Amino acid sequence: MHKINPAKLRNSKWTAVTPLNREKHFLVTEVEYDEEGAVLSCVLEAVLSRNEYPIDWQELKDADKWLQGWK
């Protein structure tokens with residue numbers, strides 16, 4: 001499990017452990033917070049194709065699916 005600071009989530013870089021459609025590297029482009037600072041929504045953008053995917057930011061903690069940074 002990765003430790004992730006929700007305040008530093010925007011513009012963070014991620015690598016998919018099992019890429020789909022040649023999309024391996026991602027950038028967090030949008031993060032929406034509530035009044036208490038909890039993350040409401042998160043959007044990943046594929047670097048290669050510019051496709052955007054909404055994701056539950058808690059999934060990024062799973063080391064079997066995501067690696068922090070571009071590997």
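Biologist: Is tryptophan 66 buried or exposed, and what is its relative accessibility?

Modeller: In this predicted model, tryptophan 66 has a relative accessibility of 11% and therefore counts as buried, since buried means under 20% relative accessible area.

Biologist: How should I read a pair of aromatic rings?

Modeller: A pair of aromatic rings is described by two things, the distance of the centres and the angle of the planes. In this structure the count comes to two aromatic pairs. Phenylalanine 26 and tyrosine 53 form one that is edge-to-face, with 6.2 Å from centre to centre and 70° between the planes. Because phenylalanine 26 lies in strand β2 and tyrosine 53 in strand β4, this pair ties together parts that are 27 residues apart in sequence. Phenylalanine 26 is buried, with a relative accessible area of 6%, whereas tyrosine 53 is partly exposed, at 32%.

Biologist: Which ring has its centre 5.4 Å from that of phenylalanine 26?

Modeller: That ring belongs to tryptophan 66, and the planes stand at 80°, so the pair is edge-to-face. This pair also links distant parts of the chain, with phenylalanine 26 in strand β2 and tryptophan 66 in strand β5, 40 residues apart.

Biologist: Where is lysine 61, and which side chain of opposite charge is nearest to it?

Modeller: Lysine 61 sits in the loop between β4 and β5. This lysine is buried yet has no salt bridge, and the nearest side chain of opposite charge, aspartate 56, is 8.9 Å away. Leaving aside neighbours within four places in sequence, lysine 61 is in contact with Met1, His2 and Ile4.

How values were computed. Residues are numbered from 1 along each chain as its sequence is written. Side-chain values use heavy atoms; hydrogens and water are left out. Helices (H or I, at least four residues) and strands (E, at least two) are DSSP runs, numbered from the N terminus. Buried means under 20% relative accessible area, exposed over 50%, partly exposed in between (1.4 Å probe, protein chains only). Lys and Arg count as positive and Asp and Glu as negative; His and the chain ends are not counted. A salt bridge is a side-chain nitrogen of Lys or Arg within 4 Å of a carboxyl oxygen of Asp or Glu. Contact means heavy atoms within 4.5 Å. Rings of Phe, Tyr and Trp (its six-membered ring) pair if their centres lie within 6.5 Å; planes under 30 degrees apart count as stacked, over 60 as edge-to-face and the rest as tilted.
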